[in-house]
Structures are given as C-alpha cells and as structure tokens.
Amino acid sequence: MEKVRVALIGCGRVASVHADALRALDTTELVACVDIRRERAENFSEMYTDGKAQVFTDYKEALALDNVDAVQICLPHHLHAPVTIDALNAGKHVLTEKPMAITVEDMDAMIEAAEKNNKTLGVIFQNRYNDSTVAVKEAIDSGKLGKIIGARAFVTWKRTDEYYSQSDWKGTWDKEGGGTLIDQAIHTIDLMHYLIGMPTEISASYFTRDHELIDVDDVAEALIRFDNGAKACLYANCYYVYDAPIYLEIVGEKGRAEIRADKADIYIGNTHTHVEPTIEPTTGKTYWGASHSRQIANYYESLLAGKTPDIDGRKGKVAAAMVLAMYESARSGETIKFSV
C-alpha cells in the first residue's frame with residue numbers, strides 16, 4: 001500500500017493526538033519529529049516510531065528531506081502561516097491545527113501558496129467528525145429539522161493564570177491572536193458555520209474579567225446572522241470552575257437539535273433521537289473529542305485519491321475569520337458585514 005511520509009512539526013500537547021492517528025493509519029508513516037526542544041522531539045520519535053523518525057529542532061531541515069511528503073503542524077498560532085507557506089513552497093502537503101492563522105491576510109497567503117504549488121492544505125476542525133455532529137448535519141441536510149431559524153452556543157472552560165504563566169504565547173494578541181474566542185470557542189463557532197451556513201453579519205463584545213496576566217478576551221459574546229436568515233447567539237468564557245461540556249442548540253421550523261460535548265439529542269415532532277459517541281478519546285483532553293483520527297484519515301485518503309479533503313484551506317478559513325470579525329466588531333462597536 002502506498003504511504004504518505006509525514007513530518008510532525010511541534011511536539012506539544014495536541015501533537016500526541018496527531019501522532020496516535022498517524023501510527024494507526026496504514027496510509028501514513030511518521031518519518032520526522034520537529035520541536036525547538038530536542039528532547040521532546042526525541043521522546044516522540046521513540047514513543048511513536050521506536051526511534052526511527054529523524055529528529056530536528058529546525059523545521060526547515062525537515063522540509064529539505066526528500067522522504068517527507070507532508071507535514072502536520074502543531075505549533076503556536078502565529079507560526080501556522082509562515083511554517084505552512086514554507087512547507088508548501090518546499091513541495092510538501094500541509095495539515096495544520098486550528099486556527100489556520102491569526103490574520104485574514106495570512107490565511108489568504110496560505111491558500112495562495114497551496115494553489116500555486118499544487119499542494120493540499122487541510123485545517124483541523126475535528127469536531128465536525130463527531131457522531132453527534134454527523135447526526136445533526138444529516139437531520140439538517142435532509143430537511144428533517146426544516147428551515148433553520150436560530151442557534152445558541154455556550155463554551156465555559158477553565159484556564160487559570162498559571163496556565164498562561166507557563167506559556168510564552170498563550171494569552172497574547174501577537175502570538176495566540178486572542179483568547180477564549182480563538183482558542184477555546186473556535187471549534188463551536190466552526191460547528192455553527194458548518195451546520196447553519198455562511199455568516200453575513202457579526203456583532204460582538206469581549207472583556208478581560210478574571211485574569212491578571214493577560215489582556216486578551218477571557219469572556220465574549222456575539223450575535224451572528226446567517227445567509228439563510230438564521231440568527232445565532234454565542235457566549236464563551238475561560239474562567240469557569242471546570243471545563244464544562246460545550247452546548248450548541250440548532251433550531252429549525254420542524255424541530256431542534258442539541259449537542260452537549262460529543263453527544264446529541266434531536267427532537268422532531270414527537271420523536272427524540274439520542275446519539276452517543278462510538279469512539280472514545282485515547283489521549284489528550286476529553287473535550288477535544290476523539291475525531292482527530294477521522295479527520296486525519298480523511299485528509300490522507302483524499303490526498304492519495306487526488307481529491308480535496310473535507311476541510312481544505314478555504315473551508316478552514318471561515319471560523320478563524322469569524323473570530324477576527326468578532327474582535328473587530330468589539331473594538332469598533334460596529335456590526336461587521338462578513339465575507340470570505
């Protein structure tokens with residue numbers, strides 16, 4: 001079987017989920033591990049390839065390898081764009097963690113580089129692959145819920161001052177790109193867009209209320225209007241007492257659907273369908289869900305088949321652009337006309 005040879009760039013927390021997925025696939029081989037902390041890259045190589053993967057502290061050395069076909073990027077947000085563009089220009093395919101980048105200009109440059117080099121760019125939004133999301137999406141696309149008229153979402157997680165003090169990029173505008181919206185709530189924002197449609201107007205506000213070490217948003221709210229007439233409200237904070245399950249409700253003229261964490265309940269007339277996850281997380285945070293493996297499998301299956309993956313650069317751009325529009329609205333006090 002043909003295999004895609006992969007370099008993993010960034011061996012931090014979420015990288016373990018990526019490495020597990022790569023190890024489980026018959027279509028991929030992890031051939032290089034990159035991290036500015038050499039020991040961390042060496043540990044990944046030992047853990048996931050019995051030391052066979054080459055180890056680097058400079059990602060450009062990995063990009064120079066002829067036996068690297070693709071890279072997966074698990075780096076701080078501000079590095080997604082430059083490393084992606086370098087990789088694409090080096091002739092490698094790229095799958096990057098969310099957010100795609102922290103400016104619209106960078107996201108557009110990433111898409112342009114992929115198209116110019118005829119390489120595949122994918123963006124991680126694994127919760128689209130959760131069983132709960134798949135069931136709700138089917139109920140919407142089949143017309144069972146009727147015309148979608150509204151939605152509401154709540155993301156209330158816990159990030160302490162210690163969480164931010166242990167990082168040189170978390171909780172910063174120039175490196176993380178923001179706070180709770182771009183880091184914690186972006187997955188739920190992406191699900192809103194995926195399930196409802198394309199936003200047309202966004203109005204938002206944010207504050208820093210419960211953290212001493214940061215000046216990015218630790219609480220935010222937004223009103224989002226979509227091209228099909230639906231209206232959605234979003235609330236997010238990262239100063240709750242624990243990582244509570246996210247809540248997303250989609251309301252149609254014939255019924256409604258609720259997603260709580262990775263479970264769903266769909267109500268249509270007198271019928272109620274409950275959806276439980278069929279796979280459980282094996283590593284990382286439980287609220288990441290267990291669907292990284294599904295999206296990563298889709299990316300490489302699509303790559304080998306010469307097809308566009310489910311979430312390419314253009315689709316992966318939307319949620320991050322929505323977050324940036326929320327920040328722009330909050331700072332200007334204006335409603336933002338949204339387009340991508």
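## A loop residue with positive phi

Ala261 sits in the loop between E12 and E13. Helices (H or I, at least four residues) and strands (E, at least two) are DSSP runs, numbered from the N terminus. Ala261 is not a glycine, yet its phi is positive, about 55°. Ala261 counts as partly exposed, at 33% relative accessibility. Buried means under 20% relative accessible area, exposed over 50%, and partly exposed in between (1.4 Å probe, protein chains only).

This is a predicted model: local features need pLDDT of at least 70, side-chain atom pairs count only at pLDDT 80 or more, and totals for chains, interfaces and linings use all residues. Residues are numbered from 1 along each chain as its sequence is written, and side-chain values use heavy atoms, with hydrogens and water left out.

## Other backbone features

Asp50 is not a glycine either, and has a positive phi of about 55°. Asp50 is found in the loop between helix H2 (38-49) and E3. Asp50 is exposed, with a relative accessible area of 64%.

Lys98 and Pro99 are joined by a cis peptide bond, with omega about -15°. Pro99 lies in the loop between E5 and H5.

## The open sheet

Nine strands form an open sheet with mixed pairing. Their order is E14-E13-E12-E11-E7-E10-E9-E8-E15. Strand E14 (271-275) and strand E15 (336-337) stand at the edges, each with a single partner strand, so one side of each has no neighbour in the sheet. Two strands pair if DSSP finds at least two bridges between them. Strand E13 (residues 263-268) and E14 pair in the antiparallel sense over five bridges.

Two helices pack on this sheet. Helix H6 (residues 131-141) touches strand E7 (148-156), strand E11 (247-252), strand E12 (255-260), E13 and E14. The direction of H6 makes about 20° with that of E13. Helix H10 (residues 313-332) touches strand E8 (199-207), strand E9 (219-226), strand E10 (231-237) and E15. The direction of H10 makes about 60° with that of E8. Axes are lines fitted to C-alpha atoms, for helices over the stretch in contact, and angles run from 0 to 180 degrees between N-to-C directions.

## Buried residues

Phe56 is in strand E3 (residues 54-56). Phe56 counts as buried, at 9% relative accessibility. Beyond its neighbours within four places in sequence, Phe56 is in contact (heavy atoms within 4.5 Å) with residues including Ala32, Val34, Arg38 and Leu65.

In helix H4 (residues 80-89), the buried residues are His80, Ala81, Val83, Thr84, Ala87 and Leu88. Their cover includes strand E1 (4-9), helix H3 (59-63) and helix H5 (104-117). Gly91 follows H4, with a positive phi near 90°.

## A cavity and a pocket

On a 1 Å grid over the protein atoms alone, a cavity is a set of points where a 1.4 Å probe fits but cannot get out, and a pocket is an open set with protein on both sides within 12 Å along at least five of seven lines; lining residues have an atom within 4 Å of a point. Grid points are joined across faces, edges and corners, and a volume is the space filled by probe spheres set on the points. The whole structure has one cavity of 30 Å³ or more. The largest cavity holds about 60 Å³ of space. Eleven residues line the largest cavity.

The second largest pocket has a volume of about 290 Å³. Its lining has 16 residues, with Ala114, Lys119, Thr120, Leu121 and Thr308 nearest its centre. H5 gives the most to this lining, with three residues.
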